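Try each task before you read its solution.

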Amino acid sequence: MGLFVPALNGMAEMDGSMMASETMASGAETLLRALVAQGVDVIFGYPGGAVLPIYDALFQQDAIRHVLVRHEQAAVHAAEGYARSTGRVGVVLVTSGPGATNAVTGLVDALMDSIPLVCLTGQVPTHLIGNDAFQEADTTGITRQATKHNYLVKQSADLARVVHEAFHVARTGRPGPVLVDLPKDILINPAPYAEPSAAPHASYRPRTTPDPARIAQAVALLKRSERPIVYTGGGVINAGPEAAKLLLEFVRLTGFPCTSTLMGLGAYPASDPQFLGMLGMHGTYEANMVMHDTDVMLNMGARFDDRVTGRLNAFSPGSKKIHADIDPSSINKSVTVDCAIIGDAAETLRALITAWKQDTTPQNRDALAKWWQQIDFWRSKNSLRYTQSRDAGSVIKPQYAIEQLYKATRGRETFVTTEVGQHQMWAAQYFRFDKPNHWLTSGGLGTMGYGLPAAMGVQVAHPDALVIDIAGEASILMNIQEMGTLAQYRLPVKIFILNNQYMGMVRQWQELLHGNRYSESYSAALPDFVKLAESFHAVGLRAETVDDLDRVIAEMLAVDRPVIADICVDQKENVYPMIPSGAAHNEMLLGPEHKAESGGYTGNSVTDEGMVLI
Amino acid sequence: MRSATISVLVENESGVLARVIGLFSGRGYNIDSLTVAPVERDQRQSRITIVTSGTEMVIEQIKAQLGRLVPVYRVLDLSREGPHLARELALIKVVGSGEARQEALRLAEAFRARVIDASTESFVFELTGASDKLDAFLDLMRPLGLAEVSRTGVAAIARGRSTIT
């Protein structure tokens, strides 16, 4: 071991024929060489017995930086943050057994949100597999349904090929996490290096180019539409910044309104007048009413998630639906569509723009103008309205805290991550994203504890950017140990806690659906977050009333160190608008501000059928 | 609801069957029968034949989800791709004596089941055919001393010259 290392940066000189078996690199060294060839510059990980050979090889090179986390779950979320904010594959390195099982939540999170990751796990030596050896777990068995694909390397000769293939599978098609399980003897024994293969994969060949006939069919539907909507999702973000540019071009070209899922925020600029805000359970009134009444819907890279559709049999009942997705299994999964386009979002948008320009059918501009009038009426409800008292000593409304934070960060390169719950929805509603890859949240899995490690990963990838984790006081405690990582690597992440002393979304549902019985949702025995920050070598700040808020935000942003800002907010505030479980888009509930118009909320508007839904 | 016979050509690697079965159990799809064996001389590819049932939407989902698995080469819905042949083999043990034993043997001849083992009190029949033929034979054997059954599940292939590859 180690003989090979000096050549890490000049690997092109080393070809297989030069390597006699006695000088052949160890599996660990070959692994690192493959990672470098894949463009890896940083790994998030945690050492342990089975991966010691990799850590030894890491120690003796400087091409790849290792960020030591404090818990393996955080390594995966950090890699997700890195991946989502850069468009590159995030890399995780953990040990066997508990290292691998701790990573599982992060892997499922990445699977649900289509984040490209390669997770390297140590494994007991091949001759001990199946023996219940120390720190042995059936990692490929456990993660088979938690990954896009996984591998157990049993032969040294396969190692380099498998690593290259893992990156290919992770980043292409619908991206996702790929796990490579590495027995310790494979890491120690000599392993030949192989360059990435130029030949296409034998069985895995995702389709990226859309069928021109479907594009033409889609354009024909859209040209004749009177009440169109473009509904975009995370697929546009995954297709890269080019897809976001093309989306803007397409929406401008057509004059259509555009809405986005939680995962798609930032793909279309939120400040543009054609943007209706987020749709779905806590989407804007206008976005959801448009979805209900539209006659032609273009779904770009979204998956008709249950948070978006509400009750399926009442979802957008009168519309022709066009669904563009890179994953054929997304088509007709929950909503039957009239025109399915399989392909990459950027390629699909490019094809749509070209076809739109070539199709000579005139657009129904009068109908579109009427549609916009209707939309403006819905917009005038101002469904995100709330009232913040400015009297001295007033309680801070969480919505106001987000708005003030947004205002204070405008003009700076800002990335926002979140945990999961009310604060996440308020962040999605009140923080406005004009660029893709700047909003990172756990959408599909809804993983509390995602935001802090994800922010860490973003800050590692963008050392000079402003990275904020908008958190709740309950979620933040799920991975609070990562404060140590922030301190060690001097990552100036800002943790902005909307502290309402409740698991707010649980409390909201208990209020609305379970007769105000707040079963186990009170955050009792909270730490003093200011002292907690200080004990982790960070800065702790607190805003107790509205008078403190702007000063605390300004102080937080001015400090070039990690900060926890503990923002004490209204404990009773709920997230509105809300489509209750089992309800349709046009049965959405508006907040107390709109009581006069909507009659206010009663728990009775949730059906028995809706009660079983999440 | 409809029944579907789906052929899946997969890379013959460890864990591939677990991926397919995990997909069915994880997503709540039915497996009525499943067979798997290598079909290439170099053992590189295996063919899995799955008989499943569900609504048209579910069966389309099953095919799309199977197609998404990395080691899957090809997914073919034989029940939708024109005429196909589906056959199953069963080994059937019938225990009895006297008239029932005679009757079992007569019926076996009528169904072209082969006697592959016999003792003074038992037969083992080997029967090949479509699943409903096997079912019919088993129904007849039940009152005649049917003691044990081992079925292979369905192997299926398209008629004519078209192939899965």
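**Exercise 1: a buried charge**

A:Glu473 sits in the loop between β15 (466-472) and α18 (483-488) of chain A; helices (H or I, at least four residues) and strands (E, at least two) are DSSP runs, numbered from the N terminus. Before going on, note that this is a predicted model, where local features need pLDDT of at least 70, side-chain atom pairs count only at pLDDT 80 or more, and totals for chains, interfaces and linings use all residues. Residues are numbered from 1 along each chain as its sequence is written, chains are lettered from A and ligands numbered from 1 in the order in which they are written, and side-chain values use heavy atoms, with hydrogens and water left out.

*Task.* Find which backbone nitrogens lie by a polar atom of the side chain of A:Glu473.

*Solution.* 
- Step 1: look for a charged partner. A:Glu473 is buried but has no salt bridge, and A:Arg507, the nearest side chain of opposite charge, is 9.1 Å away. Buried means under 20% relative accessible area, with exposed over 50% and partly exposed in between (1.4 Å probe, protein chains only). A salt bridge needs a side-chain nitrogen of Lys or Arg within 4 Å of a carboxyl oxygen of Asp or Glu. For charge, Lys and Arg count as positive and Asp and Glu as negative, while His and the chain ends are not counted.
- Step 2: check the backbone. The nitrogen of A:Tyr502 is 2.9 Å from a polar atom of the Glu473 side chain in chain A, and for the backbone nitrogen of A:Gln501 the distance is 3.5 Å.
- Step 3: list the surroundings. Not counting residues up to four places away in sequence, A:Glu473 touches residues including A:Ile497, A:Leu498, A:Met503, A:Leu526 and A:Phe529. Contact here means heavy atoms within 4.5 Å.

**Exercise 2: a sheet in chain B**

*Task.* What is the strand order in the open sheet of 4 strands in chain B, and which strands stand at the edges?

*Solution.* 
- Step 1: read the order. It's β2-β3-β1-β4 of chain B, with antiparallel pairing; two strands pair if DSSP finds at least two bridges between them.
- Step 2: find the edges. β2 (33-38) and β4 (72-77) of chain B each have a single partner strand, so one side of each is left without a neighbour in the sheet.
- Step 3: zoom in on one pair. β1 (residues 2-11) and β3 (residues 45-54) of chain B pair over 10 bridges in the antiparallel sense, and B:Ser3 stands opposite B:Ser53 in β3(B).

How values were computed:
Polar contact = N/O pair within 3.5 Å; in protein donor to acceptor, adjacent residues only side chain to side chain.
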